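I opened the notebook to look at helix packing, aromatic pairs and a couple of loop residues. My entries follow in the order I looked things up.

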Amino acid sequence: MSMIYLDNAATTPVDEEVLAAMLPYYRERYGNPSGVYRLCAEARQAVEEARETIAGTIGCEPEEIYFTSGGTESDNWAICGAVHGTREKRGHIITTTTEHHGVLYPCRLLEEQGYVVSWLGVDETGRISLRRLEEAIREETFLMSIHYANNEIGTIQPIREIGKLAKRYGICFHTDAVQAYGHLPICVKEDNVTMLSASAHKFNGPKGIGFLYAKKGKAPAPLLLGGGQERGGRSGTENVAAIVGMAKAAKLAHEQMRERSVHVAMLRDYMIERLCHEIPYCRLNGSRSHRLDGNCNVSFQFVEGGALLILLDEAGICASSGSACSSRSEKQSHVLAALGVPECMARGTLRLTIGWQNTMEEMEYAVESIKKGVNRLRRYSGQYEDLVMERKNASPQ
């Protein structure tokens, strides 16, 4: 069997229609949108049409969409820009312990600068408590940053309820929707979201392009200064081809969302059921019901995840042990630690993220390959056999 790609949370392949939409802006229509002649006007029109397309997918106005280089920049801009825009020099921020590093690191930096950050814990499924969130709110709270869905375990947060709390207390609410946008229906007005981050390569668009939604009148202070592009919000020559590609990918994702969702969820459920029932000492991480359609995050005791990934790679399967941004780190996942997953289990974690291009045949092959890999590693370590023998000897005759 050819390569089976099960790391769609890290990145996705560019759709053929997306690539076709982009190519003219590398060749015939390569003008700089800031210029005044016709070639530039064509590029500028393409950028504004893309802005309208993306705005339509989340129910906002085109002027509330700002193009960025991706999710990390959008997260950093939303958080640091909100700080620059507040009069409070020692204000209060609320976030969670399971955020993407694009949110965690700016918040830690702001803590070092004197801002107060409340780090909300999560339950064993990765969801926050709305009661504890409300209890954390203070008079000086000016920002909440809580992800829409987690990039490692796929848990979806109660965004609409969080938005209601933010609105009630007059707090700016930012959500990292990098894993959710293009896969879940989102309406920023109904969710009472002030700012939202997204990245094209998570929904079959090109890498290096994303956007930040910022509610009118709530745009964060700019981090990049210079040419004054994006209505002064984000300087730098626009990546026209990538912007056009992102808009095309967004259009396709939202038109086909229902069909893709049903297919991907079916494959995910098949994968979860077989792995959890056919491999002893297997744990599903994250919420079973409030979960992204394509996410299967499982941990196997008596196994090293890195070794298992190598065996799967030899079998032609691409997977990961967690966030692509920290895949080279030997530290335990901060997300799994927040869930209370024991380190002996966390070390043997696989994140299998399924895309709409995957098939049931691929799932069957992947499950069998994972079973073989886990059994091989357990035999090698000897710990699993020792435990089985110990329990067998301890059982009554």
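Which residues in α3 meet which residues in α4? I note before answering that this is a predicted model.

**Entry: α3 and α4**

I listed the contact from both sides. From α3 come T72, D75, N76, I79, C80 and V83. From α4 come G102, V103, P106, C107 and L110. I then looked up the geometry. The helices pack at an angle of about 30 degrees, and their axes are 8 Å apart. Angles under 35 degrees count as roughly parallel, so α3 is roughly parallel to α4. I looked up the handedness too: α3 passes α4 in a right-handed crossing. By class, the contact of α3 with α4 has 7 nonpolar, 3 polar and 1 charged residues.

**Entry: α2 and α7**

Next I took helix α2, residues 38-58, and helix α7, residues 240-255. I found that their axes come within 9 Å and cross at roughly 30 degrees. α2 and α7 are therefore roughly parallel to each other. The crossing of α2 past α7 is left-handed. On the α2 side I wrote down A43, A46, V47, A50, T53, I54 and T57. They meet V240, I243, V244, M246, A247, A250, K251 and H254 in α7. I sorted the contact of α2 with α7 by class and got 11 nonpolar, 3 polar and 1 charged.

**Entry: α9 and α12**

Helix α9 covers residues 305-314, and helix α12 covers residues 360-381. How do α9 and α12 cross, and at roughly how many degrees? I read roughly 135 degrees, with the axes coming within 10 Å. α9 and α12 are therefore oblique to each other. α9 passes α12 in a right-handed crossing. For the contact, I noted A307, L308, L311, L312 and E314 from α9. From α12 I noted S369, I370, G373, V374, R376 and L377. The residues of this contact of α9 with α12 divide into 7 nonpolar, 2 polar and 2 charged.

**Entry: aromatic rings**

I looked up the aromatic pairs and got a count of 5. I picked out Y66 and W77, which form an edge-to-face pair. Their ring centres are 5.5 Å apart, and the planes make 80 degrees. Y66 sits in strand β2, residues 65-68, and W77 in α3, residues 71-84. They are 11 residues apart in the chain. Are Y66 and W77 buried or exposed? I found both buried. I also recorded an aromatic cluster made of Y181, F203 and F211.

**Entry: T194**

I located T194 in the loop between β6 (172-176) and β7 (195-199). T194 has 9% relative accessibility, so T194 counts as buried. What does T194 touch, not counting residues up to four places away in sequence? My list reads I171, C172, F173, Y213, A214, K215 and K218.

**Entry: E139**

I turned to another loop. E139 lies between α5 (130-136) and β5 (141-145). At 81% relative accessibility, E139 counts as exposed. The C-alpha atoms of E139 and I171 are separated by 9.9 Å. Along the chain, E139 and I171 are 32 residues apart.

Terms used. Residues numbered from 1 in each chain as written. Predicted model: local features only at pLDDT ≥ 70, side-chain atom pairs only at ≥ 80, totals over all residues. Heavy atoms only, no water. Axes fitted to C-alpha atoms, helices over the stretch in contact; angles between N-to-C directions. Helix = DSSP H or I, 4+ residues; strand = E, 2+ residues; numbered from the N terminus. Parallel < 35°, antiparallel > 145°, perpendicular 65-115°, else oblique. Left-handed = near helix turned anticlockwise from the far one by under 90°. Contact = heavy atoms within 4.5 Å. Nonpolar A, V, L, I, M, F, W, Y, C, P; charged D, E, K, R; others polar. Buried < 20%, exposed > 50% of the residue type's maximum accessible area, 1.4 Å probe, protein only. Phe/Tyr/Trp six-rings, centres within 6.5 Å; stacked < 30°, edge-to-face > 60°.
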